[in-house]
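This note sets out points for a colleague who is about to examine the model. Please read it beside the sequence and the coordinates.

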Amino acid sequence: MGLIHIEMFATLDLVGQAPGGPDEDPEGFPFGGWQAPLLDEVTGAQIGAAYEGTDALLLGRRTYDIFAAYWPHQKGGEDGDIATLFNGIPKYVASRGTPDLPWAGSTRLGPDLAAAVREIRDRHRNIKVVGSLDLVQTLLREKLFDRLDLWIHPIVLGVGKKLFDGGAVPTNLTLLEPPAAAPSGTVLLRYGLADGIPATGDMSAPDRGL
């Protein structure tokens with residue numbers, strides 16, 4: 001069985017909407033492209049390393065359209081390696097409609113999204129989910145992920161779609177490695193899905209030393 005990795009760029013208030021540019025989600029969101037001023041070499045290297053070994057992409061419709069308009073046209077340059085990877089692996093798209101999928105290797109998932117994702121997991125070893133906030137809500141709700149790579153950026157927006165925006169259920173996570181900070185102040189937190197649900201306790205109990 002393969003592993004599903006969610007790659008998410010978010011602000012301190014966990015807004016994940018339209019990090020890459022103002023045209024990603026232009027209606028009613030004034031901060032499209034908020035990530036661009038905070039990118040640096042360290043963060044770029046972290047992102048590149050995160051995609052190593054990826055053999056499938058799992059995307060929501062909006063993210064797919066953005067990627068399909070960009071990556072097939074990138075050859076060489078600093079994005080060349082990721083372009084070669086993305087263009088050569090299968091792309092699975094979650095959509096309620098019947099969209100045209102022009103990017104080579106693209107497949108629309110069926111109406112039972114959870115079942116379709118489980119089939120993908122059986123077919124591939126290393127599946128990446130990038131952006132795709134609506135799809136991520138389903139994956140969080142169904143606990144259909146194995147790792148969450150969360151890049152937290154040192155800004156607060158106060159508006160926008162958030163990472164845990166209606167899909168969160170009680171879930172335990174394990175920090176897989178020490179947090180890694182970039183010069184811009186962006187911090188990479190890498191979590192793995194853990195068993196069970198959060199426990200509760202009493203901070204005033206004698207064994208707490210309070």
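1. Basis of the note. The model is predicted; local features need pLDDT of at least 70, side-chain atom pairs count only at pLDDT 80 or more, and totals for chains, interfaces and linings use all residues. Residues are numbered from 1 along each chain as its sequence is written, and side-chain values use heavy atoms, with hydrogens and water left out.

2. An unreviewed UniProt entry places the feature "domain: Bacterial bifunctional deaminase-reductase C-terminal" at residues 6-176; UniProt positions are given in the numbering used here, feature names are shortened, and annotations may be inferred rather than shown by experiment. Over residues 6-176 the chain is 29% helix and 20% strand, where helices (H or I, at least four residues) and strands (E, at least two) are DSSP runs numbered from the N terminus. The end C-alpha atoms of this stretch are 14 Å apart.

3. Helix α4. In α4 (residues 113-123), the residues L113, A114, A116, V117, I120 and R121 are buried, buried meaning under 20% relative accessible area, exposed over 50% and partly exposed in between (1.4 Å probe, protein chains only). These residues cover an arc of only 160° around the axis, which puts them on the same side of α4; the arc is that of the directions from the helix axis to the C-beta atoms. An α-helix has 3.6 residues a turn, so residues three or four places apart point the same way. The cover over the buried residues of α4 includes β1 (3-11), β2 (56-60), β3 (91-94), β5 (126-130) and α5 (133-142), contact meaning heavy atoms within 4.5 Å.

4. Aromatic pairs. The structure holds eight aromatic pairs. Rings of Phe, Tyr and Trp (its six-membered ring) pair if their centres lie within 6.5 Å; planes under 30 degrees apart count as stacked, over 60 as edge-to-face and the rest as tilted. One of the pairs, F9 with W151, is tilted, at 5.2 Å centre to centre and 45° between the planes. Because F9 lies in strand β1 and W151 in strand β6 (residues 147-153), this pair ties together parts that are 142 residues apart in sequence. F9 is buried at a relative accessible area of 12%, and W151 is buried at 0%.

5. F67 and F86 are stacked, with 5.8 Å centre to centre and 15° between the planes. F67 belongs to helix α2 (residues 61-70) and F86 to helix α3 (residues 80-88), so the pair links parts 19 residues apart in sequence.

6. S106. Is S106 buried or exposed? At 18% relative accessibility, S106 counts as buried, and this residue lies in strand β4 (residues 106-108). Its side chain makes a polar contact of 2.9 Å with the side chain of Y64 (a pair of N or O atoms within 3.5 Å; within protein, one must be able to donate a hydrogen and the other to accept it, and residues adjacent in sequence count only if both atoms are side-chain atoms). The side chain of S106 also reaches the backbone oxygen of W103 at 2.6 Å.

7. G166. This residue lies in the loop between β6 and β7 (172-175) and counts as exposed at 62% relative accessibility. Leaving aside neighbours within four places in sequence, G166 is in contact with Q137 and R141. The C-alpha atoms of G166 and R141 are separated by 8.4 Å, the two residues being 25 residues apart along the chain.
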